[in-house]
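Good morning, and thank you for making time for this presentation. I would ask you to keep the sequence and the structure in view while I speak.

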Amino acid sequence: MFERFTKGARATVTGAVTHAERAGSGPVTEEHLLLALLDQEGSRASFAVAALGLADRGASVAAALADARRRGGMTRADVDALAGIGIDLTAIVDRIEEAHGEGALGAERKGRRRWAGHRMFTREAKAILEKSLRIALGRGDRFIGEEHVLLALTANPGVVADVLAEHGATYETVSRALYGDGGAQRDRKAG
């Protein structure tokens, strides 16, 4: 699959590894893939990111991701569902952090082996890369570009897709920014 990755998509993957290393994180996550995409300039994905206003709100995106990490990876929908039955997740997180330290719910799993010189990818991050292949094939592309990775991040349910949606980047808006109105309709037919 990686032989189909464009230079920009490879830069996204290596940038994600760099983000994971800088954060002192174990494996590379979906979040690291997103942060690497936000770092890029002069690519199709960076054009879409700029068109949707994400480039100017990188700090807000990073803060929203950090907030979700603090909640143990629970999405806004999870928080709202719990609130609907009278559970205040913020109060629970505060009590857990009071007892176990700040960021206790966001702690990485320790003890996972890492091959020398290689950083592991979480199952979810691998799923994003696989989904980017399916999106590229669905569009009739013979390559996997960083734009396909961005679309995959918006299409996979979870915290990263939620944060992107909160900032106006859904599958449809990203597709429209990348390919115009015809791209969004083409995606619906392929889906």
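**Burial, core and cavity**

I begin with E31, which is buried, at a relative accessible area of 16%. Buried here means under 20% relative accessible area, exposed means over 50%, and partly exposed is in between, with a 1.4 Å probe and protein chains only. This is a predicted model, in which local features need pLDDT of at least 70 and side-chain atom pairs count only at pLDDT 80 or more, whereas totals for chains, interfaces and linings use all residues. Residues are numbered from 1 along each chain as its sequence is written, and side-chain values use heavy atoms, with hydrogens and water left out.

E31 belongs to helix α2. Helices are DSSP runs of H or I with at least four residues, strands are runs of E with at least two, and both are numbered from the N terminus. Apart from neighbours within four places in sequence, E31 makes contact with L65, R69 and V160; contact means heavy atoms within 4.5 Å.

Let me now turn to the overall architecture. The protein has 11 helices and 0 strands, and its pattern along the sequence reads α-α-α-α-α-α-α-α-α-α-α. Of its 191 residues, 40% are buried. Among contacts with a separation of 6 or more, 65% are between residues 24 or more positions apart. The accessible surface comes to about 10,600 Å², and carbon and sulfur atoms account for 52% of that area; the areas come from the Shrake-Rupley method with a 1.4 Å probe, and for residues only the protein chains shown count as cover.

What does the interior contain? The largest nonpolar core has 41 residues, and those with the most contacts inside it are L33, L34, L65, F121, L150, L153 and L164. The elements that give two or more residues to this core are α1 (7-22), α2 (30-39), α3 (44-51), α4, α7 (123-138), α8 (146-155), α9 and α10 (171-179). A nonpolar core is a set of buried Ala, Val, Leu, Ile, Met, Phe, Trp, Tyr and Cys residues joined through side-chain atoms within 4.5 Å. Setting aside residues up to four places away in sequence, F121 touches V13, V17, P27, V28, K126 and L129.

Why is α8 described as largely enclosed by the rest of the structure? The reason is that 9 of the 10 residues of α8 are buried. These buried residues are E146, E147, H148, V149, L150, L151, A152, L153 and T154. Their cover includes α1, α2, α3, α7, α9 and α10.

D141 counts as buried, at 19% relative accessibility. Beyond its neighbours within four places in sequence, D141 is in contact with A136, H148 and Y179. The C-alpha atoms of D141 and R4 are 9.9 Å apart, although 137 residues separate the two in sequence.

I now come to the cavity search. Over the whole structure, the search finds 1 cavity of 30 Å³ or more. The largest cavity has a volume of about 60 Å³. On a 1 Å grid over the protein atoms alone, a cavity is a set of points where a 1.4 Å probe fits but cannot get out, and lining residues have an atom within 4 Å of a point. Grid points are joined across faces, edges and corners, and a volume is the space filled by probe spheres set on the points.

Which residues line the largest cavity? They are A64, A68, R71, M74, T75, R76, V159, D162, V163 and E166. The elements giving two or more residues to this lining are α4 (58-70) and α9 (159-166), and α9 gives the most, with 4 residues. By class, the lining divides into 5 nonpolar, 1 polar and 4 charged residues. Here Ala, Val, Leu, Ile, Met, Phe, Trp, Tyr, Cys and Pro count as nonpolar, Asp, Glu, Lys and Arg as charged, and the others, Gly among them, as polar.

S60 is partly exposed, with a relative accessible area of 35%.

Finally, G168 is found in the loop between α9 and α10. At 35% relative accessibility, G168 is partly exposed. Leaving out residues up to four places away in sequence, G168 touches L52 and T173. From G168 to L52 the C-alpha distance is 6.8 Å, with the two 116 residues apart in sequence.

Technical notes: On a 1 Å grid over the protein atoms alone, a cavity is a set of points where a 1.4 Å probe fits but cannot get out, and a pocket is an open set with protein on both sides within 12 Å along at least five of seven lines; lining residues have an atom within 4 Å of a point.
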